[in-house]
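Here's a quick briefing to read with the model open beside you. Take a look at the structure first, then go through the points.

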Amino acid sequence: MNISIIGTGYVGLVTGALFAEKGHNVLCIENNKKKLEKLQKREVPFYEPGLQELVTKNTQRLKFSEKISEGVKHAQAIFVAVGTPALATGEPDMTYIEHVATEIAHNLKDYRLIIEKSTVPVHTSEKIHAIMKRFSPPDVHFEVASNPEFLREGQALEDAFNPDRIVLGVPSTKAQKILTDVYKDFDAPFIITNVNSAEIIKHAANSFLAMKISYINAVANICELSNANIKEVAEGIGLDKRIGKHFLNAGVGYGGSCFPKDVDAFVNISRDLGYDFKLLEEVQNINRDQKKRLVKKIKKHLWVIKNKVIAIWGLSFKPNTDDMREAPALDIIKELKRSQAKIQIFDPKAIQKAREILELPADESHTAALKETLMEVELYDNQYKATENADCLIILTEWDEFKTLNFEVLKQKMNQHIIIDGRNIYNSQELEKQGFIYESVGR
Ligand code: UDX
């Protein structure tokens, strides 16, 4: 089939590469010139394991263009995967979706199915439909469907090739047929719903997962107060099939481009619909507190933070990605900077990205806050060099390379042998045996 995808962020580009690999002819539309140039040279502009290889391999079936008009011409199925970043109010910014809908409408000549891939509030399809009706020729038929994406960064290809389910929110049997044809080579359960349900499924799924993390973090805090061990408790509850053992890792809180934004959006959407989703507000509160609790642990051991050297391992919001959006590390860095600590940071992938962001012009508003946080922080390319003269080492991302420690090097480099582990990756007894003061989460 011919397929068009508008927007080449994580979701758009992974989906494009996936469909091309499955044999479809895909045209991806990207309006950012710099990004488009890179993609046309087959350079993936962010780090995602396996994606570069797939984009390089599918040269014939995966093409890129700047023009939405070409996307409309190319295919009957047009996926929209542009960003819906959070506004200061917590609501998602629908500007890009609105723009794309208007542009598609202006270029419509015959039937097209517009498929929402971006995470959008319930009723967005109706809004897209209304705006397209206003700007398209009166006799041209089109429809809007929803096909939410559940892939995780860092394992996007694995998730995209082997989804737990494929949700198709469709307005008609014609739309259903087009979408089942797109996904005909996938071995996964199909959930066919109305469009509103599909839109809700995405926010409800992400909010539920965030709730699971906040729940286990709250239980971890109870474990700390009662001398229990959260790892044992999580195993004990997770083996109940009704609860499930995944997403029960206590830590420094969830981050990333999805959970914080989507929980916020769902709270706002619910409020607009007339329901006060207090449960989710508490999920957000617990997540905020989790980072503050980690800083308290540092203060408990160091007492005075001013002028102390604090080494941080882990800047990305989770391993196998260089994405720092809403990473717990950022809030912790801000807090430590306020207390005038000297921060030395290492991350296997995000350091390079951090340097690029620091070099961007001051008026790049979408990175301005991140840039400000990273200023006056020492960035290191070597894990152990970052611990030179450190009074404390904190672990904020569970990268594999952090999991085994060279105790001799650490002891020789660090000024005080204190490790605060925000991801529970070490064995407490072993660290204490080696002479470290060691604190983790819920143990
Ligand atoms: C998430 C959803 O999992 C995915 O389905 C959706 O499409 C996009 O949002 P992603 O943000 O890529 O994916 O990462 P995920 O692996 O879900 O982790 C999100 C955050 O939760 C990370 O900061 C991670 O460290 C944290 N987390 C996850 C925990 O703290 N504990 C856990 O047990 C699991």
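What follows covers a pair of helices and then a pocket.

This is a predicted model, so local features need pLDDT of at least 70 and side-chain atom pairs count only at pLDDT 80 or more, while totals for chains, interfaces and linings use all residues. Residues are numbered from 1 along each chain as its sequence is written, and side-chain values use heavy atoms, with hydrogens and water left out.

**Two helices crossing**

- Helix α9 (residues 195–226) and helix α12 (residues 278–302) have axes that come within 9 Å and cross at roughly 45 degrees.
- That makes α9 oblique to α12 (angles under 35 degrees count as roughly parallel, over 145 as roughly antiparallel, 65 to 115 as roughly perpendicular and the rest as oblique).
- Where they meet (contact means heavy atoms within 4.5 Å), α9 brings residues including Ser207, Met211 and Glu224, and α12 brings residues including Leu280, Ile286 and Arg293.
- The residues of this contact between α9 and α12 split into seven nonpolar, six polar and three charged (Ala, Val, Leu, Ile, Met, Phe, Trp, Tyr, Cys and Pro count as nonpolar, Asp, Glu, Lys and Arg as charged, and the others, Gly among them, as polar).

**The second largest pocket**

- The second largest pocket holds about 430 Å³ of space.
- Its lining has 18 residues, and Met94, Pro121, Val122, Thr124 and Lys127 sit nearest the centre (on a 1 Å grid over the protein atoms alone, a pocket is an open set of points where a 1.4 Å probe fits, with protein on both sides within 12 Å along at least five of seven lines; lining residues have an atom within 4 Å of a point).
- α11 gives the most to that lining, with five residues.
- By type, the lining of the second largest pocket has 11 nonpolar, three polar and four charged residues.

Methods:
Axes fitted to C-alpha atoms, helices over the stretch in contact; angles between N-to-C directions. Helix = DSSP H or I, 4+ residues; strand = E, 2+ residues; numbered from the N terminus. Points joined across faces, edges and corners; volume = space filled by probe spheres on them.
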